[in-house]
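Thanks for coming, everyone. Let me put the model up and walk you through it.

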Amino acid sequence: MTFASLYFIFFIITVCTLYFAVPDGMKWIVLLISSYFFYFLLSSVWTVFILFTTATVFISAIAIERITEHSTEYLNKNKELMDEEQVKAYKAKTKRIKKYTLLCGLFANLGILIFLKYGKFLFENINLSTTHIASLNWIILPVGISFYTFQALGYLIDVYRGKYKADHNFFKFSLFLSFFLQIIQGPISRYDELALQLYKPHRFYYARAQNGILLMLWGYFKKLVIADRAALYTSMVFENYIEYAGIEIILAAILYTLQIYGDFSGGIDIIRGIAQILGIDMALNFKRPFFARTVSEFWRRWHISLGSWTKDYIFYPLILSKGFARFRKQMGNALGHYLGKTIPVCVSTIILFLVIGIWHGASWNYVFYGLCNGGIISLGLLLEPVFDKVIKITRLNTGSRAWSVFQMIRTFVVLSIVRMIVNAKSLSAGFSMLVSIGRDWGNMNALKKAIIASGMGKWGAVVLFTAALVMLLVEVLQENGIHIRESISRQNVIVRWITYYGLIFAILFFMMDSSDGIKEFIYAQF
Amino acid sequence: MRSFKIINVFKTVLFMTVLSLLIEVCNFTSIPPQSYTRIMMHEMYGQRENIDVVFLGASHAYRSFDTRILDEQLGMNTFNMGSSSQSVKDSYFLLREMYSHHLPRYCILEMSWARYNIYDFSSNATSSYILYDYFRPSVNKLYYFFSAFNEQTAINAVLPFRRYPITAPSKYLENIKAKMTKEYFGCSYSVAAYDNEHYAGKGYVYRNKGFSRGNVGKVEPYTWSNLNINNEAVYYFDKIYKLCEENGTELILVTAPVPLASVAAVGNYQEAHEFLDSLAEKYGLVHYDFNLAKKALFENRDEYFYDSGHMSGLGANVFSNKVAGILLSHIKDIDDLNEFFYSDTNELMASVDYVLNVWAESREGKLNAYSFHGTDVKPEYEFLYRTKESDKYAVIKAYSSIDHIYFDLIPADAYEVRVNARAGGSSGAFEQYYIYRLDN
């Protein structure tokens with residue numbers, strides 16, 4: 001059951017009706033049952049993995065909390081009987097036990113994630129380099145495993161750090177991890193931001209529901225009208241990349257960027273809209289990424305929940321670790337202050353993006369994706385003094401609108417190229433596509449033929465172009481601080497309704513025909 | 001607070017009502033007016049008299065069972081609920097719909113073999129859309145919705161206008177113009193009338209013209225494989241049987257005929273026939289396969305068909321008279337009806353002493369003639385040509401058992417080649433012929 005199907009709409013109507021119909025104390029139970037029903041429909045027996053993660057993380061968190069409580073209690077009781085050394089030793093012992101408990105929880109769940117998601121890839125590569133060991137082709141990846149595992153581990157680490165107390169209600173905690181709206185493609189929510197909202201009963205508010213529905217419709221527009229239509233062309237070109245060159249490849253790269261944005265952010269808008277109807281505010285995952293002027297800014301606007309998760313649980317622990325402090329010192333002594341400070345940041349950045357890349361899937365393409373993004377950001381950091389000098393010499397007005405637009409286009413082009421390589425059948429296919437851009441430039445007839453061959457046709461191309469323009473216009477307005485939904489809600493009923501009906505019929509008329517298939521959300525595979 | 005809520009409820013209801021109206025406007029302007037199923041369903045619901053005999057099946061059914069003749073011959077109220085590409089599942093839900101309005105005594109299920117094998121189009125929901133659109137709101141309709149459509153196809157069942165994408169605005173106007181008539185609203189037969197066929201009443205569709213004698217040409221019927229059995233069809237066959245049993249309706253299986261050339265072209269029609277017979281046997285039903293009918297019962301003639309699978313009006317007329325006779329005999333249990341049918345395709349083909357069809361294809365510099373014919377027939381071919389200016393044919397190669405000519409032999413000014421075929425030893429000018437256009 002995909003978010004873009006009619007059955008999902010029926011499901012949502014049922015869940016919302018039940019949620020608002022039952023007494024307050026039972027509202028979270030409705031969400032829990034709906035979540036497991038939804039998950040079971042998608043994963044059947046593989047539901048056992050989410051149950052395993054829930055149980056192990058739940059127990060580990062409580063164990064960590066108990067150890068802390070016990071240690072505090074013990075110290076309070078026996079403080080007078082112990083000397084400073086004994087207290088220190090006791091505290092170190094407690095910390096060690098807590099750490100081991102945390103590591104058990106982390107490794108049990110990361111182990112499963114690595115085995116299920118990367119086992120096949122690792123074995124394939126081992127088999128390539130040595131003799132054939134084993135095949136793991138039988139593995140089916142449970143839906144949303146990357147999302148719920150990261151969410152669970154974030155919770156466990158936070159409990160370890162003492163950020164909040166462990167959840168003592170297993171069923172409520174199960175809801176936090178399995179909440180049906182976030183299970184397919186995130187966002188990766190934090191316990192302190194989402195859990196309480198899920199457990200707390202919410203009343204129905206007409207205006208909030210109206211707002212939520214509008215956000216859902218906008219999400220459907222991006223997914224069904226833009227992403228699925230663009231997919232017709234991109235899947236054809238990426239599948240038969242040898243047959244295309246020049247402008248056909250460039251169009252595929254641009255359309256793929258549009259497709260993945262429409263698909264992912266559209267899906268997030270749909271679930272945020274539904275959550276809003278239920279009275280739940282889910283984390284923002286996108287902030288108009290194509291207005292980013294640098295790659296690092298892009299990552300603060302794109303898949304925000306993954307970026308902030310990796311920053312909090314990988315980047316900062318790494319950069320603040322004792323080992324890195326030593327590394328920073330050594331670098332500073334050898335290469336001077338600037339490089340000594342920057343190189344460790346670059347190394348952490350590359351590691352961070354390597355994790356982000358690998359998180360997406362088990363293939364060399366995603367390794368490249370991570371290294372490329374990390375590499376570009378690191379290079380930018382290392383060359384910053386050089387850029388500053390060039391700007392000074394050329395007296396470029398970096399505060400001008402034109403410079404900002406140039407930076408946005410530059411970032412868009414760079415990331416579109418990276419994405420094109422990553423989405424190709426293999427890395428060599430991706431680079432072959434990159435080289436093909438230089439061939440047969442300006443062959444408009446070939447481009448027209450390719451558009452028609454893709455099944456999009458002239459009319460479909462016009463629809464896609466117009467829809468993309470509408471999306472761009474909306475994002476320009478949002479970027480300039482205009483809250484579209486609020487502006488609409490302030491209009492009189494006629495304008496409002498015309499807007500609603502316009503959006504509904506734009507989706508119904510221009511969404512891809514079912515014979516071509518509503519495409520599964522791209523991020524659902526991750 | 002209370003009044004605020006009431007206003008919101010009112011606004012929501014009004015919004016949804018306007019939305020439904022707008023969707024209806026889209027349906028009205030986008031969906032073309034011509035639809036056999038629309039009229040058929042309207043007529044079924046509107047039948048004042050109880051329907052005694054219902055025919056179910058795909059296009060073979062609605063083009064073969066002429067209800068006008070069957071009414072007269074059987075002396076009962078018959079109704080043809082055939083529809084294009086109707087699957088066995090569609091038949092089941094149609095029968096359920098029929099039971100909510102009528103109580104037929106006999107249900108004749110048309111048993112074209114294609115309904116029991118899986119093809120590329122088997123997952124296509126079109127056959128269900130065209131029926132679902134015209135089912136009246138009911139529990140059966142809801143059940144049909146969830147059974148016939150999946151995640152991908154459900155949206156187009158709920159919003160039929162999406163199935164008719166219109167790129168030229170003039171098409172909307174054409175549809176509106178054609179629909180804003182008394183005939184359309186009254187479901188008049190004239191709405192579903194084309195140049196070569198028309199809806200003739202109670203589900204039957206009359207086709208004006210069949211093949212000319214001897215011009216069957218190349219036929220490409222659905223193939224059959226015992227490895228591709230459509231289990232869903234078998235499942236719904238069982239449900240149809242049980243539904244009939246519960247309602248006291250006798251289920252009778254009839255396979256409407258196709259040209260004998262098509263039977264031969266299937267290659268293993270006997271396997272398909274045996275499968276259908278085995279279904280009948282399993283449930284203790286009778287199965288009358290008119291593809292195996294002896295001449296005494298039904299003479300399979302070219303002009304009774306207009307393509308490789310469907311009957312012309314003339315054919316349906318003859319067939320309906322014959323099938324009525326068989327049904328009457330069956331009902332009255334007066335004859336051993338097996339004697340009217342060959343026991344297998346070997347026996348059938350052995351009885352054919354002529355060429356069933358002929359066609360030609362170019363291959364490796366030659367024009368090759370192919371044909372289907374009776375088992376003991378040795379076909380011979382004659383190759384002729386004519387120029388664009390002339391309507392008379394000149395012989396390139398006289399009758400012989402050689403089935404090809406080289407293109408070098410065809411004069412440069414030739415416009416088309418005619419291939420005549422006949423059984424060896426026959427003295428007729430031709431039994432079958434085929435025109436091969438050289439400008440292809």
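Some ground rules. This is a predicted model, where local features need pLDDT of at least 70 and side-chain atom pairs count only at pLDDT 80 or more, while totals for chains, interfaces and linings use all residues. Residues are numbered from 1 along each chain as its sequence is written, chains are lettered from A and ligands numbered from 1 in the order in which they are written, and side-chain values use heavy atoms, with hydrogens and water left out.

Domains first. Chain A divides into domain 1 (6-202), domain 2 (204-282 + 439-526) and domain 3 (303-423). Those bounds come from an automatic or database domain assignment. Look at domain 1 and domain 2 of chain A. Their centres, taken over C-alpha atoms, are 33 Å apart. In contact there are 23 residues of domain 1 and 21 residues of domain 2; contact means heavy atoms within 4.5 Å. The two domains bury about 1900 Å² between them, and carbon and sulfur atoms give 71% of that. Buried area here is the accessible area (1.4 Å probe) that two parts lose on being put together, summed over both.

Now the chain interface. Here 27 residues of chain B are in contact with 22 residues of chain A. The buried area is about 2300 Å², with 68% from carbon and sulfur atoms. On the chain B side, B:Phe15, B:Glu151 and B:Arg162 supply 31% of what that chain buries against chain A, more than any other three residues. The salt-bridge count between the two chains is zero.

Chain B itself. It has 15 helices and 14 strands. These are DSSP runs, helices being H or I with at least four residues and strands E with at least two, numbered from the N terminus. The C-alpha trace spans about 95 × 60 × 40 Å along its principal axes. Of the 440 residues in chain B, 54% are buried. Buried means under 20% relative accessible area, exposed over 50%, and partly exposed in between (1.4 Å probe, protein chains only). Among contacts in chain B with a separation of 6 or more, 73% come from residues 24 or more positions apart.

Salt bridges next. The whole structure has 27 of them over all chains. One of them pairs A:Lys222 with A:Asp269, closest N and O atoms 2.8 Å apart. That pair links distant parts of the chain: A:Lys222 sits in helix 8 (residues 206-239) and A:Asp269 in helix 9 (residues 246-278), 47 residues apart. Both A:Lys222 and A:Asp269 are buried.

Is A:Asp158 buried or exposed? A:Asp158 counts as buried because its relative accessibility is 1%. Its side chain meets that of A:Lys163 in a salt bridge, 3.9 Å from N to O. A:Lys163, at 46%, is partly exposed.

In chain B, B:Glu220 and B:Lys218 meet at 4.0 Å, N to O. B:Glu220 is exposed at 62%, and B:Lys218 is partly exposed at 38%. There is also a network of salt bridges, linking A:Arg288, A:Glu297, A:Arg301 and A:Glu479.

Last, the local features. A cis peptide bond joins A:Gly186 and A:Pro187, with omega about 5 degrees. A:Pro187 is in the loop between helix 6 (170-178) and helix 7 (191-199) of chain A.

Two residues other than glycine have positive phi. A:Arg395 has a phi of about 55 degrees and lies in the loop between helix 15 and helix 16 (401-423) of chain A. A:Arg395 is exposed, at 77% relative accessible area. B:Ser85 has phi near 50 degrees. Its place is the loop between strand 2 (78-80) and helix 5 (88-99) of chain B.

That's the tour. Comments welcome.
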